Amino acid sequence: MKTFLLGPGCQKGGTTWLYQHLKASTQFAHGYRKEYHVFDVRDLPSESWTRERVIGLAEESLAALRQGEPAAADVLHRMSMVANPRFYFDYFAGLLAQRPEARATGDFTPDYALLPAERLRTIRRGFERRGVRAAAIFLMRDPVDRTWSQIRMRASRRPESFTMPVESVLREQHGDPTYALRSQYGDTVRALDEAFGDDVHYELYERLFTAEAVGRVCRFAGMEPHEADFDRVHNASGPRSGPPEDVACQVALHYAPVYRAVAERFPDLDLREWWPSARYVLD
């Protein structure tokens, strides 16, 4: 059975690099996007800005058609999937059916980490009805480093919106939903476990960039492992320096329930070894 991979993050957790690695294989039937933003746009009030952006792009394409000008077919197709998810399931099942050598395809939209188990179950059932195995891959990164990286990415893309140094933003805004929602790994893991059972592969960002880790991902997807480019970086957010010690401690204590939830769910992982800021929380 061929596999559809749902990649619900985490944001700034290596999903782009992993998607590009899978895409490099002839056994991966990639589509026209890495992130389709279908179910977050449909379901999540917190992502209303994404919904407006998707709708706005579709409106621009329709306006172009009215003027007899070329329109962005991919934009209109994505809008059709938002309007009716049946087209979403048919699209990915079609990618697999059209390519005999393909073993897997996928949608790696980090905002799907915010979806409830009920929606994740409907995604799984939608593919099962089409004879496709649905599975999920969830990458987790030290919450302090993940939040720090997200803030630096936003600052590099929209510097005019930052009126204080990024260290101050981290100190004062790390609990803002913009950042905090995407680090609630315990909630995401519980939803994925409930919806996908054994068909979830969990990995840490900090140990992803090894032949062993990407080999595990490929085998989980039903693909043959292939050589990875570990020197290639996607969506870099500046030099890889950590936040000041006192700020890191403050943020780690705020996310203490996340560290503890992950440590409890994955007792074989020594998070103090892999996540630098776990030392502030875990004994």
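The crossing of α1 and α11 is right-handed; a crossing has this hand if the near helix is turned clockwise from the far one by less than a right angle, and is left-handed if anticlockwise. The model is predicted, so local features need pLDDT of at least 70 and side-chain atom pairs count only at pLDDT 80 or more, while totals for chains, interfaces and linings use all residues. Residues are numbered from 1 along each chain as its sequence is written, and side-chain values use heavy atoms, with hydrogens and water left out. Helices (H or I, at least four residues) and strands (E, at least two) are DSSP runs, numbered from the N terminus.

**Helix packing**

- Two packed helices are described by the angle between their axes and the distance between the axes.
- The axes of α1 and helix α11 (residues 211–220) come within 11 Å, and they cross at roughly 60 degrees.
- Axes here are lines fitted to C-alpha atoms, for helices over the stretch in contact, and angles run from 0 to 180 degrees between N-to-C directions.
- From α1, Trp17, Leu18, His21 and Leu22 meet Val214, Val217 and Cys218 of α11, where contact means heavy atoms within 4.5 Å.
- By class, this contact of α1 with α11 holds six nonpolar residues, one polar and no charged ones.
- In that classification, Ala, Val, Leu, Ile, Met, Phe, Trp, Tyr, Cys and Pro count as nonpolar, Asp, Glu, Lys and Arg as charged, and the others, Gly among them, as polar.

**Sheet**

- Four strands form an open sheet in the order β2-β1-β3-β4, with parallel pairing; two strands pair if DSSP finds at least two bridges between them.
- β2 (104–107) and β4 (200–204) are the edge strands, each pairing on one side only.
- From one strand to the next, the twist averages 25 degrees.
- Strand β1 (residues 3–6) runs parallel to β2 and is joined to it by four bridges.
- Along this pair, threonine 3 stands opposite alanine 104, and leucine 5 has glycine 106 as its bridge partner.
- β1 also pairs with strand β3 (residues 133–140) in the parallel sense, over four bridges, and the partner of leucine 6 in β3 is alanine 136.
- Thr3 and Leu5 point one way from β1, Phe4 and Leu6 point the other way, and all are buried.
- Buried means under 20% relative accessible area, exposed over 50%, and partly exposed in between (1.4 Å probe, protein chains only).

**Nonpolar cores**

- A nonpolar core is a set of buried Ala, Val, Leu, Ile, Met, Phe, Trp, Tyr and Cys residues joined through side-chain atoms within 4.5 Å.
- The largest has 68 residues, of which Tyr88 and Met140 touch the most other members.
- Helix α5 (residues 86–98) gives the most to this core, with seven residues.
- Not counting residues up to four places away in sequence, tyrosine 88 touches Phe4, Leu6, Tyr36, Val38, Phe39, Met81, Asp107, Tyr112 and Phe127.
- Another core, of 19 residues, lies apart from it, and its members include Tyr19, Ala104, Leu139 and Ala221.

**Backbone exceptions**

- Most residues other than glycine have a negative phi, and most peptide bonds are trans.
- The peptide bond from glycine 9 to cysteine 10 is cis, with omega near 10 degrees, and cysteine 10 sits in the loop between β1 and α1 (15–23).
- Lysine 12, in the loop between β1 and α1, has a positive phi of about 60 degrees although it is not a glycine.
- Lysine 12 is buried, with a relative accessible area of 13%.
- Histidine 37 has a positive phi near 50 degrees and lies in the loop between α1 and α2 (39–43).
- The relative accessible area of histidine 37 is 6%, so it counts as buried.

**Glutamate 47**

- Glutamate 47 lies in the loop between α2 and α3 (48–66).
- Glutamate 47 counts as buried because its relative accessibility is 2%.
- Leaving aside neighbours within four places in sequence, glutamate 47 is in contact with Asp40, Asp111, Leu114 and Arg182.
- Glutamate 47 and leucine 271 are 224 residues apart in sequence and 31 Å apart in space, C-alpha to C-alpha.
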